[in-house]
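Here is a friendly briefing to read with the model open beside you.

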Amino acid sequence: DIHVRRLSPSSCALSCLERHRWISVGLPSYHLVPTVVSQNHTENMSGKVPPGGARFGLFSDESISFAKDPLSFVAQKRRRYGDIFQARILGRPTVFVTSNDGVQEMMTEHTHCFRRGFMDHIHELYGEDSIIFSDEEDFRRLRKIIHSVVEPRRIAEQNDLIDSVIAMHLGALNKQAGVALYQTFKKLFTDLCLVLFLGMNIKDLKENSENFTTLTTAHWHGIVSIPLKVHVPVFGKSTFGVAVDARDKLLAEIRSRMDRADKSSLLHAMTEAGFKTKEEAAAHILLFISALVPKALGSLLTSFCLELALDEHQWMSVKALDDEKYLDHLLLEIQRKWPPFLGGRKLVTQDLCISGFTVPEGHSLMYTTFTTNRDPKVFPEPDCLQPERWSGVNRGNEDRLWTFGGGPRGCVGKMLSQALLKQSVVYLLKRYKLTRPKEQSFAVKWLPVSRPKENVVCTFELRESKA
């Protein structure tokens, strides 16, 4: 058997054309290498090969079909093959794990058998110092440092500042005929991240927010672009080249603000938290102000509003205001039903067995959050919004949610994300009654972050004062 291995951009030279007779124009290339399986593989691994097609061939790669409609792609494969199957994605044999039990096994028993499956060029955009690319020892060290900064006590110290930003963005929604949810909330969480991790005050935010938003957006576009740093006359720099420039400008601003951070700010806490170097601290501040966090939280708050705006769910708003535990369960249920990310991709570094299926070294592993969070074996009636499940049948099952990843390398910003989401939700519920016009499309675009395909809107009506 053979599979395709991606060459780093620096390896994509004309020699590839001479050796493999493949046309190379500087784009990320692929070449054929043997699939490495140990001699004792069949003896040591008792599982079966996952069903599905992952053969090499120009027309066997299914990346386009997957990207076009990932939920339909996965659903069709599951109907044909079951919860675990394989397909060729991004030129590599990829085993999909779509059951909750399978992902639980993968994340708790086999984390030593794979590494994160990010593309090589993301290293350049976030830096080698980032926790994203750390080995296990460094990950534990960096996680401890970051958790010391974003622990609940420190976040609570920023509540007044957080509330002022929320009020600035959400205080006049009732004056708009229809509020474009995702765009509004993405901007809110962008500014919250800038205030918290760049030490901005409201005046500073109003003056500089647009410039930083432009930079973080350009930086994000580099993640989903072809990694070419070229400049073409007339057309200008490539998307990736613009992203690298944005990274440099963001890091320069971060370093400057670190030197003059207010001692009460999270920026100062990050600076003094115990990172090995200033550059290591700056790399993690960049991670928190990048577009990734606002997009994820914007997606979750959009889903929250669309669910609570339904006539049959209006009562949930009232109960959530009166019962904080119910509110926590409601937010868990939104995260379960509407995860902002489709899933995660890993690269297998040593042979492993999941749910009776062998996954050889060199393959990719992909888990799908949408299917695991809606697995009826764990979550009865998975398509229904049932906050009460978390005090009943699913009490104590929070570790079966994969919205923020899981296992030893789960999302280090989970506590902060949930705190910001909850504070925003409380503000909305206290102030507004939500409705959503029915004459609009609620279709979802899943990649790279789930959000409505169209500018879905809701209306926000001021609640009557209880006074």
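This is a predicted model: local features need pLDDT of at least 70, side-chain atom pairs count only at pLDDT 80 or more; totals for chains, interfaces and linings use all residues.

Residues are numbered from 1 along each chain as its sequence is written, and side-chain values use heavy atoms, with hydrogens and water left out.

**Overall make-up**

- The chain has 19 helices and 16 strands; these are DSSP runs, with helices being H or I of at least four residues and strands E of at least two, numbered from the N terminus.
- Of the 467 residues of the chain, 51% count as buried, where buried means under 20% relative accessible area, exposed means over 50%, and partly exposed lies in between (1.4 Å probe, protein chains only).
- Among contacts in the chain with a separation of 6 or more, 73% come from residues 24 or more positions apart; a contact means heavy atoms within 4.5 Å.

**Aromatic rings**

- A search of the whole structure turns up 9 aromatic pairs. Rings of Phe, Tyr and Trp (its six-membered ring) pair if their centres lie within 6.5 Å, and planes under 30 degrees apart count as stacked, over 60 as edge-to-face and the rest as tilted.
- Phe66 and Phe73 form an edge-to-face pair, because their ring centres are 5.5 Å apart and their planes stand at 80°.
- Both partners are buried: Phe66 has a relative accessible area of 8%, and Phe73 has one of 7%.
- Phe66 also pairs with Phe96, with ring centres 5.7 Å apart and planes at 65°, so this pair is edge-to-face too.
- Phe96 is buried, at a relative accessible area of 0%.
- Ring pairs join Phe66, Phe73, Phe85 and Phe96 into a cluster.

**Charges over rings**

- Arg336 lies over the face of Phe379, at 5.6 Å from the ring centre. For a charge to sit over a ring, NZ of Lys or CZ of Arg must be within 6 Å of the ring centre and within 35 degrees of the ring normal.
- Arg436 lies over the face of Phe442, at 4.1 Å from the ring centre.

**Helix packing and cover**

- Helix α15 (residues 292-308) and helix α17 (residues 324-337) have axes that come within 10 Å and cross at roughly 105°. Axes are lines fitted to C-alpha atoms, for helices over the stretch in contact, with angles from 0 to 180 degrees between N-to-C directions.
- That makes α15 roughly perpendicular to α17; angles of 65 to 115 degrees count as roughly perpendicular, under 35 as roughly parallel, over 145 as roughly antiparallel and the rest as oblique.
- On the α15 side the contact is made by Leu300, Ser303, Phe304, Glu307 and Leu308, and on the α17 side by Leu330, Leu331, Ile334, Gln335 and Lys337.
- The residues of this contact divide into 6 nonpolar, 2 polar and 2 charged. Here Ala, Val, Leu, Ile, Met, Phe, Trp, Tyr, Cys and Pro count as nonpolar, Asp, Glu, Lys and Arg as charged, and the others, Gly among them, as polar.
- Helix α5 (residues 100-109) is mostly covered, with 7 of its 10 residues buried.
- The buried residues of α5 are Asn100, Gly102, Val103, Gln104, Glu105, Met106 and Met107, and their cover includes β4, β5 (114-116), β9 (343-348), β10 (352-354), β12 (364-368) and α18.

**A buried serine**

- Ser424 is placed in helix α19 and counts as buried at 0% relative accessibility.
- Ser424 and Asp163 are 261 residues apart in sequence and 8.1 Å apart in space, C-alpha to C-alpha.
- Not counting residues up to four places away in sequence, Ser424 touches Ile166, Leu170, Leu188, Phe189 and Leu301.

**Backbone points to check**

- Most residues other than glycine have a negative phi, and most peptide bonds are trans.
- A cis peptide bond joins Leu447 and Pro448, with omega about -5°; Pro448 is in the loop between β14 (444-445) and β15 (451-452).
- Leu90 has a positive phi, near 55°. Leu90 is in the loop between β3 (84-89) and β4 and is partly exposed, with a relative accessible area of 41%.
- Glu381 has a positive phi, near 45°. Glu381 is found in the loop between α18 (369-373) and α19 (414-431) and is exposed, with a relative accessible area of 51%.
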